[in-house]
Amino acid sequence: MSDVRVRFSPAPTGYLHVGGARSALFNWLYARHTGGTFILRIEDTDTDRSSDHLIEAIYDSMRWLGLDWDEEYRQTDRADQHLAFANQLLVDGKAYRCDCTRDALDARIAARGDAAGSGYDSFCRDRDVQPGDGVVVRFRTPDEGITGWDDVIRGRVEFENSVLEDFIIVRSNGTPMFHVANAFDDADMGITHVVRGEDLVNTTPRVLLLRQAMGHPEPPVYAHLPLIVNEQRKKLSKRRDDVAVGDYRAKGYLPEAMRNYLITLGWGPRDGEEIASIDRFIEQFELSDINNSPAFFDVKKLDHFNAEYIRAMPLEEFTALTIDLRPETVPADLYERMAPFVQQRLKHIDAEEIAPLMEWMVGPAPEPSDKDWKKVMGKDGVASVLALVADRLTVVEWSPEALEACVFGVGEELNAKTQLPVRMAVTGSRTGFPLFEPMAELDRDEVVARVRAALAKVEAA
RNA sequence: GCCCCGUUCGUCUAGCGGCCUAGGACGCUGGCUUCUCAUGCCAGUAGCACGGGUUCAAAUCCCGUACGGGGUGCCA
């Protein structure tokens, strides 16, 4: 085992969404690639918005994607240590108490003529505020100098310390905030590589400063991943975009397909094979190969991946996975015989995609649209084809092979194409399964009746 | 406003100074698989944001511009 230690640290304030899943995945890939340790750290310091239910949901989505973790922590279990760290900063004079309200700060900002929303102005730095209601602890950021790091993905990133405001490290309710918990835990847990979304770059100098104050000046390796964006090129948001991993699961995406698709967002395998086994990806994965521009989450391409994975499944596995999704009127043995045809046509593991493929086999054929009907049945000679097929069907041997020979035989005799009119008559559709196998599953009388009904409709037109 | 980041086909990517008349994938279009659809195969479509440098040589390095995004919470 190598000494690489990485972590995925979601805040359980929502379901795991595709952006978080991709971060988790890249951390996991790197850990597995290096033989290191993958840690799941639940950052639930915002107790008001975190919930056990959401933590469970995150576990669930991670397991579904096959992302297993080696160690697990919850930051609320470590709050005492975070607080002790914050208090030490207070003792050392690296932090101070502040009782400014947002309103008071805004008033000062307005009085100075600064832009609304400007950062904290260090008002309480030397006021020696005592503990009490509405009092927070702020970190004293340096007034000069530069805080920066060499990002594996972005290169050198630097911030002027002067633009860093004295940020809050302990809330007025006494709980430590994200930065302290994050900085402390990364150092304490010996995290060697921090792989996370680009939306966190701005917090990095704060964490770095905190580490220095803690006596851990040597930073981990940072890799800030490009964001996953929607069609408006904006960061995927839980509110406006439908992006929870669980939703994709519910929509019938295979975890392997989802995981494989996510891998291609911001990274490409060196061998160019974008659909491959997870082992191939683990083998090739390097942080330095991750690109730095945002990636659009393209459901069309995801669908393609999903369809590929569905088709690649062993038939028995596919059948077992989908058999309970068949229309309830379809007997299990019939479904098993039709499963190969279903597998070839499915984009999602979804009952609603399966139903239209086979409902005509167990109930009346659907009414085709006028447009489709005319396109197929409006051709010259269709009536004679249907008439002859209907007659032959009453006596032909009832097997797929014999049915095919019969229907095509009529075509040769009449010098016409027969498959489409017969299909339309029997299935009510121009598209679908190969005709003769399922047709042989129906009763002879039913099929003959459907062909005769179609014939009557053609003649009436 | 301030800070940070980004820009190769519509989309995801390859490309790390000559192999690039820019490759692959999705999508779309067309064709072929002795008569559906799907699959498979073949073909086509379309791109280095712009302007300056550096260099014998730039998609690749530097600077600027434009555009886009992220952050700017007692969220993470």
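These legends accompany close-up views of a predicted model. Local features need pLDDT of at least 70 and side-chain atom pairs count only at pLDDT 80 or more, while totals for chains, interfaces and linings use all residues. Residues are numbered from 1 along each chain as its sequence is written, chains are lettered from A and ligands numbered from 1 in the order in which they are written, and side-chain values use heavy atoms, with hydrogens and water left out.

**View 1. Domain layout of chain A.** Chain A is divided into domain 1 (5-72 + 179-228), domain 2 (80-170), domain 3 (245-312), domain 4 (315-362) and domain 5 (370-460). The bounds come from an automatic or database domain assignment. Between the C-alpha centres of domain 3 and domain 5 lie 43 Å.

**View 2. Salt bridge between Arg108 and Asp121.** The closest N and O atoms of this pair are 2.7 Å apart. A salt bridge here is a side-chain nitrogen of Lys or Arg within 4 Å of a carboxyl oxygen of Asp or Glu. Arg108 lies in helix H4 and Asp121 in the loop between H4 and E5, so the bridge ties together parts that are 13 residues apart in sequence. Helices (H or I, at least four residues) and strands (E, at least two) are DSSP runs, numbered from the N terminus. Arg108 is buried at 17% relative accessibility; Asp121 is partly exposed at 22%. Buried means under 20% relative accessible area, exposed over 50%, and partly exposed in between (1.4 Å probe, protein chains only).

**View 3. Salt bridge between Asp166 and Arg125.** The side chains meet at 2.7 Å, N to O. Asp166 sits in the loop between strand E7 (155-160) and strand E8 (168-170), and Arg125 in the loop between H4 and E5, 41 residues apart. Both Asp166 and Arg125 are buried.

View 4. Arg156 and Glu158 form a salt bridge, with 3.1 Å between the closest N and O atoms. Arg156 is partly exposed, at 47% relative accessibility. Glu158 is partly exposed too, with a relative accessible area of 47%. Elsewhere, shared partners join Arg7, Arg41, Glu43, Arg78, Asp185, Asp186 and Asp188 into one network of salt bridges. The structure holds 38 salt bridges.

View 5. Ser122 is not a glycine, yet its phi is positive, about 65°. This serine belongs to the loop between helix H4 (102-112) and strand E5 (136-139). Ser122 is partly exposed, at 23% relative accessible area. Arg233 also has a positive phi, near 65°. Its loop runs between strand E11 (228-229) and helix H7 (245-250). Arg233 is exposed, with 52% relative accessible area.

**View 6. Charged surface patches.** Glu397, Glu401, Glu404 and Glu437 form a negative patch. Lys371, Lys375, Lys379 and Lys417 gather in a positive one. Patch residues have over 30% relative accessible area and no salt bridge, and like charges are joined within 9 Å. Glu397 lies in the loop between helix H15 (382-393) and helix H16 (400-414), and is exposed at 56%. Lys371 lies in helix H14 (residues 370-377), and is exposed at 69%.

**View 7. Glu256 and Ile275.** Glu256 lies in helix H8 (residues 255-263) and is partly exposed at 36% relative accessibility. Ile275 is 19 residues from Glu256 in sequence, and their C-alpha atoms are 10.0 Å apart.

Technical notes
Patches are made of residues with over 30% relative accessible area and no salt bridge: like charges are joined within 9 Å, nonpolar side chains (Val, Leu, Ile, Met, Phe, Trp, Tyr) within 5 Å. Accessible areas come from the Shrake-Rupley method with a 1.4 Å probe; for residues, only the protein chains shown count as cover. Lys and Arg count as positive and Asp and Glu as negative; His and the chain ends are not counted. The place of a charge is taken as NZ of Lys, CZ of Arg, CG of Asp or CD of Glu.
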